[in-house]
Amino acid sequence: MNNKILEDNSKYIISNYSRYPISIVNGEGSYVYDSESKKYLDFISGIAVNNLGHNNKKVNNAINKQLKNLVHVSNLFVIPNQVNFAKEIVKNKPGHKVFFCNSGTEANEAAFKISRKWGIFNNKKTIISFTGGFHGRTFGSLTATWPKKYKEGFYPLVPGFKTAEFNNIKSLEKIIKNDKKLLAVIVEPIQGEAGVILGLKPYLKKLEKICKKNNILLIFDEVQVGVGRTGKIYCHEHFDIKPDIFTLAKAIGGGLPVGAVVASPKVADFLTPGSHGTTMGGNPLAMAAGMASFKQINTKSFLSNVTSKGNYFLKELKKLSTNNKIKEVRGLGLILAIEFFSSRLAKKFATLCLNKGLLVLLTEKVNIRILPPLNVKKSEIDQSIKIFKSSLEDLNV
Ligand SMILES: Cc1ncc(COP(=O)(O)O)c(C=O)c1O
């Protein structure tokens with residue numbers, strides 16, 4: 001790519017990201033093109049944001065239409081697009097209400113603040129998160145996040161947080177025994193950043209039961225796995241669980257920056273005017289894009305297609321895993337991972353895929369995370385399998 005842009009990137013952009021020296025300039029469906037006109041099959045989808053791929057006509061039309069009316073107005077006013085989108089999000093959740101913000105970390109912060117307000121009336125304070133969890137990088141969400149690498153250099157963090165071991169109910173029970181002020185538990189039902197680690201159904205069901213019994217709020221962080229990614233509109237539906245609060249972001253904005261907190265009737269009315277807010281959250285343009293995307297995803301046939309394509313993809317990946325390089329393949333719907341026996345293999349594999357025109361995410365060192373658009377074609381899955389196969393062969397060289 002243009003060396004001047006690379007130089008200026010170092011000169012003018014704060015260096016908190018390690019970036020590929022590639023500039024993506026346009027996209028269509030499941031494909032993107034870089035500044036050298038190289039074509040890539042995009043199985044990163046902007047890290048689970050572009051659930052309908054690139055250049056989706058209905059989303060673009062909604063944005064164009066809204067652009068002509070109003071982009072931003074602030075939350076000093078009633079925003080019909082916000083109201084209508086919230087109505088759609090809670091269509092099957094009577095009494096639930098939505099708070100809109102701009103990102104996943106903000107959605108989790110808002111969930112914590114709602115919980116703390118509720119806790120005042122119940123004399124409860126402590127929030128529990130889990131080993132392996134990732135909830136964002138602002139101070140509260142960062143405190144709830146597990147890997148130390150995100151926290152180093154930023155201490156002191158927020159008081160009132162504890163950690164339990166993921167998928168181990170005894171670990172949570174131990175904390176409950178010793179802390180009578182437990183307020184809330186925040187959990188990713190599938191840990192995306194940790195490498196697509198699936199919460200086990202009996203564990204998550206038990207977690208819900210324990211929270212109910214002890215009057216502890218259950219928060220599901222569905223920032224990565226909500227909005228159809230797993231074949232259900234919300235991931236908690238797989239486990240037949242009703243969280244008190246769940247958070248959404250990434251795909252909920254149809255490509256524009258949107259985060260959302262969905263709060264059940266138990267907690268929905270604890271934020272009073274002025275107690276929380278955001279200038280940009282839920283602006284008319286972002287809401288128009290989010291709504292146009294959400295409506296396409298939230299249909300029975302679209303979601304069942306995600307399930308069948310996900311099952312097919314996983315089956316094909318399993319066929320590749322009979323060797324001494326891949327430890328496991330796993331996933332649910334269209335969030336999938338290949339775990340390698342070493343970080344060296346995973347890194348080399350991701351680079352080989354990139355060079356062959358397939359974008360996948362290297363995650364927690366030994367994992368390749370695969371996040372195709374939800375409307376990916378079967379032929380595109382087959383194309384990725386071919387590239388995976390040939391990259392595996394090249395690992396031997
Ligand atoms: C589960 C989960 N929660 C929260 C976040 C933070 O979202 P954002 O980057 O939009 O702040 C992420 C981002 O990857 C995530 O995967």
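R330 and E339 meet through their side chains in a salt bridge, 2.8 Å from N to O. Here a salt bridge is a side-chain nitrogen of Lys or Arg within 4 Å of a carboxyl oxygen of Asp or Glu. Both R330 and E339 are buried, where buried means under 20% relative accessible area, exposed over 50%, and partly exposed in between (1.4 Å probe, protein chains only). This is a predicted model, so to speak of local features a pLDDT of at least 70 is needed, side-chain atom pairs count only at pLDDT 80 or more, and totals for chains, interfaces and linings use all residues. Residues are numbered from 1 along each chain as its sequence is written, and side-chain values use heavy atoms, with hydrogens and water left out.

The structure holds 16 salt bridges. Three of them look like this:

| Pair | N to O distance |
|---|---|
| R330 and E339 | 2.8 Å |
| K356 and D394 | 2.7 Å |
| K378 and D382 | 3.5 Å |

Take the pair K356 and D394, whose side chains meet at 2.7 Å. K356 sits in the loop between α11 (343-355) and β15 (358-359), while D394 belongs to helix α12 (residues 378-395), so the pair ties together parts that are 38 residues apart in sequence. Helices (H or I, at least four residues) and strands (E, at least two) are DSSP runs, numbered from the N terminus. K356 is partly exposed at 32% relative accessible area, and D394, at 28%, counts as partly exposed too.

K378 is partly exposed with a relative accessible area of 47%, and D382 is partly exposed at 27%. Salt bridges with shared partners also join K327, E328, R330 and E339 into one network.

Now for the sheets. Seven strands form an open sheet with mixed pairing, in the order β4-β12-β11-β10-β7-β5-β6; two strands pair if DSSP finds at least two bridges between them. β4 and β6 (161-164) stand at the edges with a single partner strand each, so one side of each has no neighbour in the sheet. From one strand to the next, the twist averages 20°. β4 and β12 run antiparallel and are joined by five bridges, with F100 standing opposite A260 in β12.

Helix α4 packs on this sheet, touching β4, β11 and β12, and its direction makes about 125° with that of β4. Contact means heavy atoms within 4.5 Å; axes are lines fitted to C-alpha atoms, for helices over the stretch in contact, and angles run from 0 to 180 degrees between N-to-C directions.

Which residues of α4 (80-89) are buried? They are Q82, F85, A86, E88 and I89. These cover an arc of only 160° around the axis, which puts them on the same side of α4; the arc is that of the directions from the helix axis to the C-beta atoms. On the other side of α4, P80 and K87 are exposed. The cover over the buried residues includes β4 (97-101), β11 (245-248), β12 (259-263) and α9 (284-297).

There is also an open sheet of four strands, ordered β1-β2-β3-β15 with mixed pairing. Its edge strands are β1 (24-28) and β15, each pairing on one side only. β3 (residues 39-42) and β15 pair in the parallel sense over two bridges, and D42 stands opposite L359 in β15.
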